[in-house]
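Reader: I should like to examine this protein with you, one part at a time. May we begin?

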Amino acid sequence: MTDPNPAPKPLTCSPRSGWEFIFNLKNLYLVDGSSVALLDRYAYELVQPAERCADGTDLYLVLEDLRRIYAPDFAVLEGPEPGLWTIRHAGLEVHVSENSRQATGGCGDDPLPCPVLRRGGRLLVPAGSLMRRLGKHVSFRDEFTWIDQQAAGVNDRPDPARYRPGSTRIWAISTSPEGAIDVPESDIHGPLHRHVIAPALQASRRAHPCGITRRAFYSAHVDKCLTCELYLPFSTVFEPDKPLRCILLLPGANGTANTFDSTRHGTDLTQAYQHYAEERGFALVTVESYVRGGQYGDVTAPLGRTAPTRPNDPENPFGRTPGELEDISRSGQSVLDTLDFAFEQCPQIDRSRVYAVGLSMGGMGVVSLGVRHPELFAGLVAIAGMPCLDCLDLSPIAEVPLLYLFGSEDLGGQDFMLYAVRTLKRHLKRFSYKVSGGAVHGFEWQPYTRQIFDWIDSVAASEDGRASGHTH
């Protein structure tokens, strides 16, 4: 007998390879009237602002936003008659009708608090009630704040008359009860306020685009929301037309967009880079790799880890399954889409001055991305990671500056690192390396953050010299 209320099972792994997605959404935070939602800690631009229902018990969202936010585990099907819709998510199915509060299927059988609407060609649904029917936990909290009554521009004077005191409702749609925000909290500096309330209100006010911004966007290429962390120096406020050089940061194995770090050892690599980015006028773009094991599109294996099973097959030297190859390809595409998203968000970025820096698995990704897309990068820095060089045609990056940084005590093995140095010196005309004495895996960068920026400065100066006809 079929269970009439089956337990929801959100899709957290790729159906192609079985590999876990790097970013699995836990909490969706919405602010009444705001066009920015939070996907956990990442700001996402809604198609149109969230709108409170007439009775105040729910928020209308464009159905397409929900589909993108929960993709690929969210399907919207029309029919069999016009105005009837079937929505599938987490193994559940709900049927709704336009201009009706009636909903069938999923968890529960109560009518929706407000009807499904079509407006401007878009379908609006009461998001909380719909997602509750699809197995989510919904809660809200009213927060006293200063509400901005007009859009703030980058150079606007902070006019007090622009703000009014008021109460804003923040909604949470969560995969578990732990995501609820209706729990009283007296400490305004506590984790709930720090990680949910303040970021949601900040996002709703559309603060100036400088400093750290954690962003999420939907990529049609991979049919999923991707996350990234952007850092724009404060000079962009005062010199909005000044070109910015850009560093693309690739985290180590299975890192998310805000974990380009060695936090297990208490040291944040991203913060060190932000210091120099602010000092020298760089934009930083930190990416994710779509699925765990995706390797930013690299189909090889770490240098020395294992022997290729198909040495004469450059497209699949390690015998990946078709599903694994597809997800590896999507991991590479996610980097390209994130870079394009950064260009859209920050048109000041000089596209001819993008430098890729990767740690561990990110180091593999830097080299393999450079080989596949040498036109995108003015320089490459691989730290503590290198792909199987015998499986790559290095000729596309023969003229691209590449810095390889490794630690003398890296458990990857000195013999493999020395082999990498010899191979890269033989194939690349602009190769250099640094050895971090005494450093274990993941710590090679610590003494060399400033030197990496110095190296990028020297590469830029060399390119300028070439362009002017001078050599150094």
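Author: This is a predicted model, in which local features need pLDDT of at least 70, side-chain atom pairs count only at pLDDT 80 or more, and totals for chains, interfaces and linings use all residues. Residues are numbered from 1 along each chain as its sequence is written, and side-chain values use heavy atoms, with hydrogens and water left out.

Reader: In which sense do strands S6 and S7 pair, and over how many bridges?

Author: Strands are DSSP runs of E with at least two residues, helices are runs of H or I with at least four, and both are numbered from the N terminus. Two strands pair if DSSP finds at least two bridges between them. S6 covers residues 75–78 and S7 covers residues 84–89. Their pairing is antiparallel, over four bridges.

Reader: Which residue of S7 is the bridge partner of glutamate 78?

Author: Five residues stand between the strands in the hairpin of S6 and S7, and there glycine 79 takes a positive phi near 120 degrees. Glutamate 78 has as its bridge partner in S7 tryptophan 85.

Reader: In the hairpin of S7 and S8, which residue takes a positive phi?

Author: S7 also pairs with strand S8 (residues 92–97), in the antiparallel sense and over six bridges. The hairpin of S7 and S8 has two residues between the strands, and the positive phi, near 55 degrees, belongs to alanine 90.

Reader: How far apart are the closest N and O atoms of glutamate 93 and arginine 88?

Author: A salt bridge is a side-chain nitrogen of Lys or Arg within 4 Å of a carboxyl oxygen of Asp or Glu. Buried means under 20% relative accessible area, exposed over 50%, and partly exposed in between (1.4 Å probe, protein chains only). Glutamate 93, at 30%, is therefore partly exposed, and arginine 88, at 40%, is partly exposed. The closest N and O atoms of their salt bridge are apart by 2.7 Å.

Reader: Is arginine 169 buried or exposed?

Author: Arginine 169 forms a salt bridge with aspartate 142, with the closest N and O atoms 2.8 Å apart. The pair links distant parts of the chain, 27 residues apart: arginine 169 in strand S13 (residues 163–174) and aspartate 142 in strand S12 (residues 137–148). Aspartate 142 counts as partly exposed at 41% relative accessibility. Arginine 169 has a relative accessible area of 13%, so this residue is buried.

Reader: How many residues apart are arginine 292 and glutamate 20?

Author: The structure holds 19 salt bridges, and one of them joins the side chains of arginine 292 and glutamate 20 (3.3 Å, N to O). Arginine 292 is in the loop between strand S17 (282–286) and H6, while glutamate 20 is in the segment before strand S1 (27–31). The pair links distant parts of the chain, the separation being 272 residues.

Reader: Why does serine 219 count as buried?

Author: Serine 219 is placed in strand S14 (residues 211–219). Contact means heavy atoms within 4.5 Å; leaving aside neighbours within four places in sequence, serine 219 is in contact with Lys224, Leu226 and Asp337. Serine 219 counts as buried because its relative accessible area is 2%.

Reader: How many residues of H7 are buried?

Author: The expected span of a helix is 1.5 Å times one less than its number of residues, so the 12 residues of H7 (residues 361–372) should span 16 Å, which agrees with the 16 Å between its end C-alpha atoms. What covers the buried residues of H7 includes strand S16 (244–250), H6 and strand S18 (349–359). H7 is mostly covered, and of its 12 residues the number buried is 11.

Reader: What share of the residues of the protein chain count as buried?

Author: The protein chain has nine helices and 21 strands. Of its 472 residues, the share that count as buried is 54%.
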